Amino acid sequence: MGVDRRFCTTMFPASALLNMYPTSPIATMVQRASTPSSSGIDWALVMSICDLLNNTPECCNDFAKVCKVRLHHDVQVQLLILTIVDAAVKNCGTRLRAELGTRGFISDLVLVIKEDTVCY
């Protein structure tokens, strides 16, 4: 049983991504932090994301959703999202780790890590 090489377009067409994308403040912050720029990652924004996650545990679910959606973008966005998730795991509590440890999030990570499913 192989993985469909057209995963990014067949599993997540643009219209479906728009419906799945949360519109909360955390989603806006993650989107801004994971937009590729020539200056690299905005660590102040990443730490603001971590502060918001620590102060508002209800944001953890939206954070996981928006990261899951952004994982299916190009390679630069994927690397930025992985960096943001890494910083969040290191700086936030168990509620966030529980959200990121769900089967759905982990399975998306595995699909992205597999060489034949990277979106270019």
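Helices (H or I, at least four residues) and strands (E, at least two) are taken here as DSSP runs, numbered from the N terminus. On that basis I count eight helices and zero strands in the protein chain.

**Entry 1: the model.** I am working with a predicted model, in which local features need pLDDT of at least 70 and side-chain atom pairs count only at pLDDT 80 or more, while totals for chains, interfaces and linings use all residues. Residues are numbered from 1 along each chain as its sequence is written, and side-chain values use heavy atoms, with hydrogens and water left out.

**Entry 2: the whole chain.** I read the order of elements from the N terminus as α-α-α-α-α-α-α-α. I looked up burial (buried is under 20% relative accessible area, exposed over 50%, partly exposed in between, with a 1.4 Å probe and protein chains only). Of the 120 residues, 38% count as buried. I then took contacts (heavy atoms within 4.5 Å). Among those between residues at least 6 apart in sequence, 71% join residues at least 24 apart.

**Entry 3: α3 and α4.** I took axes as lines fitted to C-alpha atoms, for helices over the stretch in contact, with angles from 0 to 180 degrees between N-to-C directions. The axes of α3 (residues 25-33) and α4 (residues 43-55) come within 10 Å and cross at roughly 160°. That makes α3 roughly antiparallel to α4 (under 35 degrees is roughly parallel, over 145 roughly antiparallel, 65 to 115 roughly perpendicular, the rest oblique). From α3 I noted Ile26, Met29, Val30, Arg32 and Ala33 in the contact, and from α4 Leu45, Val46, Ser48, Ile49, Leu52 and Leu53. By class, I have nine nonpolar, one polar and one charged residues there (Ala, Val, Leu, Ile, Met, Phe, Trp, Tyr, Cys and Pro are nonpolar; Asp, Glu, Lys and Arg charged; the others, Gly among them, polar).

**Entry 4: α4 and α6.** I found the axes of α4 and α6 within 10 Å of each other, crossing at roughly 45°. The two helices are therefore oblique to each other. Trp43, Val46, Met47, Ile49, Cys50, Leu53 and Asn54 of α4 meet Thr83, Ile84, Ala87, Ala88 and Asn91 of α6. I sorted this contact into nine nonpolar, three polar and no charged residues.

**Entry 5: α8.** In α8 (residues 103-113) I list Phe105, Asp108, Leu109 and Val112 as buried. Seen down the axis, these buried residues fall within an arc of 100°, so they line one face of the helix. I took the arc from the directions from the helix axis to the C-beta atoms. The buried residues of α8 pack against α5 (59-70), α6 (75-91) and α7 (94-100).
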